[in-house]
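User: I am new to this structure and would like to learn how to read it. Could you take me through its features step by step?

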Amino acid sequence: MAGLSKPGCDLPEALVLEILSKLPVKSLTRFRSVCKPWFSSFQTPFFITKHLHNNNHLNLLHKGFCGDTRDGVYSFSQLSTEKGRNFSVKENFHLPFSGKGWFDLAVDGPCNGILCLELDDGRDKAALWNPSTREFKILPQPPHSTSFDFLSLGFGYDSQTDDYKVVRFVVNYFEEDSDVGSMFEHNYQVDLYSLRSDSWKEISYPGVEPYDLPPFNCYINGVYYWHATQSSAHLILSFDMVNEKFSTLPLPQTSEGFYSPLLDFNGLLGAIIYPVEGTEKSFDLWVMNESWTKQFSIESVPGVEMLLGFWKTGELFIQSLDHQLVLFDPSTRELKNLGIYAPKWSMQITAYVESLVPINARSEHEGRIISRPARN
């Protein structure tokens with residue numbers, strides 16, 4: 001880190017490094033041109049890790065859908081988290097990766113500021129995106145049969161090898177000739193992508209089929225969790241990114257007619273249980289710590305279609321019955337319409353930390369990623 005301090009600056013280099021590591025990515029991007037040592041330092045694993053650990057400011061990404069199911073396109077917006085801005089749209093993104101239907105495009109993650117996008121429209125692509133640095137990488141296609149269906153995807157970080165990994169489930173279909181004519185057979189395939197090697201490998205199928213519902217699945221501390229089924233039983237499937245092993249655990253409640261999205265609750269696996277039907281809904285938060293324990297309940301919230309997530313101060317992001325984004329404060333029982341609309345199942349809210357973690361991909365200026373400040 002020699003030469004980190006600017007000429008004429010009497011501050012110790014360690015202190016300069018500490019100050020810089022607490023700045024937002026946008027500022028560091030500007031400061032790269034101050035001097036060559038700063039430019040070089042910002043790209044080192046040491047500084048990238050230090051910046052990630054020192055940065056606890058959460059950004060909010062909203063994924064919505066503009067238009068109808070046939071001609072619409074997905075939209076990505078950064079929402080303002082500044083006090084008094086009421087989560088208004090701060091910046092809009094246009095990515096070189098978009099679906100044409102409500103269910104086509106989903107966001108997995110975040111993981112150290114990186115998001116994984118999955119496109120399930122017949123092309124079945126996946127991409128990594130760092131919204132802070134604007135890097136965007138479409139992953140290579142893994143080998144599979146010419147006829148297949150995409151099932152599900154998971155994304156996370158291997159701390160032992162400093163690698164980011166994507167797990168992908170597909171079902172392959174094969175046509176075979178028999179005495180009674182052609183018959184279709186199928187098998188399940190699981191592939192694991194490594195960002196470090198930029199390649200896929202096939203791993204063992206766990207005998208459990210995960211749901212492709214990213215808003216209901218989650219990544220926590222090196223493990224990805226899916227809702228899944230096995231012999232008609234509903235359960236949770238997990239994958240450890242370090243040892244690359246699958247395991248299962250029960251849901252806290254498996255009654256029909258209830259949603260149960262999974263979430264990160266202070267580093268532990270949590271599940272929110274609430275009814276599918278009804279114009280008023282109550283929410284129960286369960287947390288897994290050796291066994292499931294109910295932490296608290298929120299009673300009778302009116303006009304709820306779906307729960308989209310929690311904010312750091314305890315409020316709930318909700319999609320209302322008329323498909324508006326609403327913020328609910330449990331302490332005051334106040335419902336605040338944020339003025340953002342999207343059809344059911346197309347809306348996602350993702351909270352992520354800013355990060356300099358590279359994904360070895362094209363940047364906003366090199367590719368077709370376009371960011372525009374929102375108009376007031």
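Analyst: Let us begin with contacts: a contact means heavy atoms within 4.5 Å. In this protein, residues 24 or more positions apart account for 49% of the contacts with a separation of 6 or more. Please keep in mind that this is a predicted model, where local features need pLDDT of at least 70, side-chain atom pairs count only at pLDDT 80 or more, and totals for chains, interfaces and linings use all residues. Residues are numbered from 1 along each chain as its sequence is written, and side-chain values use heavy atoms, with hydrogens and water left out.

User: What does pLDDT tell me, and which elements have the lowest and the highest mean pLDDT?

Analyst: pLDDT is the predictor's confidence in each residue, from 0 to 100. Where pLDDT is low, the predicted coordinates should not be read in detail. Here the average is 83, and 82% of the residues score at least 70. Among the elements, strand β27 (residues 370–373) has the lowest mean, 54, while strand β16 (residues 245–249) has the highest, 96.

User: How many helices and strands does the protein have?

Analyst: Helices (H or I, at least four residues) and strands (E, at least two) are DSSP runs, numbered from the N terminus. This protein has four helices and 27 strands.

User: How do I read burial, and what percentage of the residues is buried?

Analyst: Buried means under 20% relative accessible area, exposed over 50%, and partly exposed in between (1.4 Å probe, protein chains only). Of the 376 residues in the protein, 49% are buried. As for surface, accessible areas come from the Shrake-Rupley method with a 1.4 Å probe, and for residues only the protein chains shown count as cover. The protein exposes about 18500 Å², and carbon and sulfur atoms supply 50% of that area.

User: Let me try a single residue. Is leucine 28 buried or exposed?

Analyst: Leucine 28 is buried, with a relative accessible area of 1%. Its place is in helix α2 (residues 25–31). Leaving aside residues up to four places away in sequence, leucine 28 touches Leu20, Leu23, Phe42, Phe47, His51 and Leu356. The C-alpha atoms of leucine 28 and tryptophan 38 are 9.0 Å apart, with 10 residues' separation along the chain.

User: How are α1 and α4 oriented to each other?

Analyst: Axes are lines fitted to C-alpha atoms, for helices over the stretch in contact, and angles run from 0 to 180 degrees between N-to-C directions. Angles under 35 degrees count as roughly parallel, over 145 as roughly antiparallel, 65 to 115 as roughly perpendicular and the rest as oblique. The axes of helix α1 (residues 13–20) and helix α4 (residues 45–54) come within 9 Å and cross at roughly 55°. The two helices α1 and α4 are therefore oblique to each other. Where they meet, Leu17, Glu18 and Leu20 in α1 contact Phe46, Phe47, Lys50, His51 and Asn54 in α4.

User: Now for sheets. In what order do the strands from β4 to β7 lie?

Analyst: Strands of a sheet pair through backbone hydrogen bonds, either parallel or antiparallel. Two strands pair if DSSP finds at least two bridges between them. Here, four strands form an open sheet in the order β4-β5-β6-β7, with antiparallel pairing. β4 (105–111) and β7 (135–138) are at the edges with a single partner strand each, so one side of each is left without a neighbour in the sheet. Within this sheet, strands β5 (residues 114–119) and β6 (residues 125–130) are joined by five bridges, and glutamate 118 stands opposite alanine 126 in β6.

User: Which residue is the bridge partner of tryptophan 226 in β15?

Analyst: That partner is leucine 237. Eight bridges join β14 to strand β15 (residues 233–240), and the two run antiparallel. Their hairpin has two residues between the strands, with serine 231 taking a positive phi near 50°. Strand β14 (residues 223–230) is mostly covered, since seven of its eight residues are buried.

User: What do β22 and β23 form?

Analyst: They form a hairpin with five residues between them, and glycine 314 in the turn has a positive phi of about 100°. Strand β22 (residues 304–310) pairs with strand β23 (residues 316–320) in the antiparallel sense over five bridges. Methionine 306 stands opposite glutamine 319 in β23, and leucine 307 stands opposite isoleucine 318.
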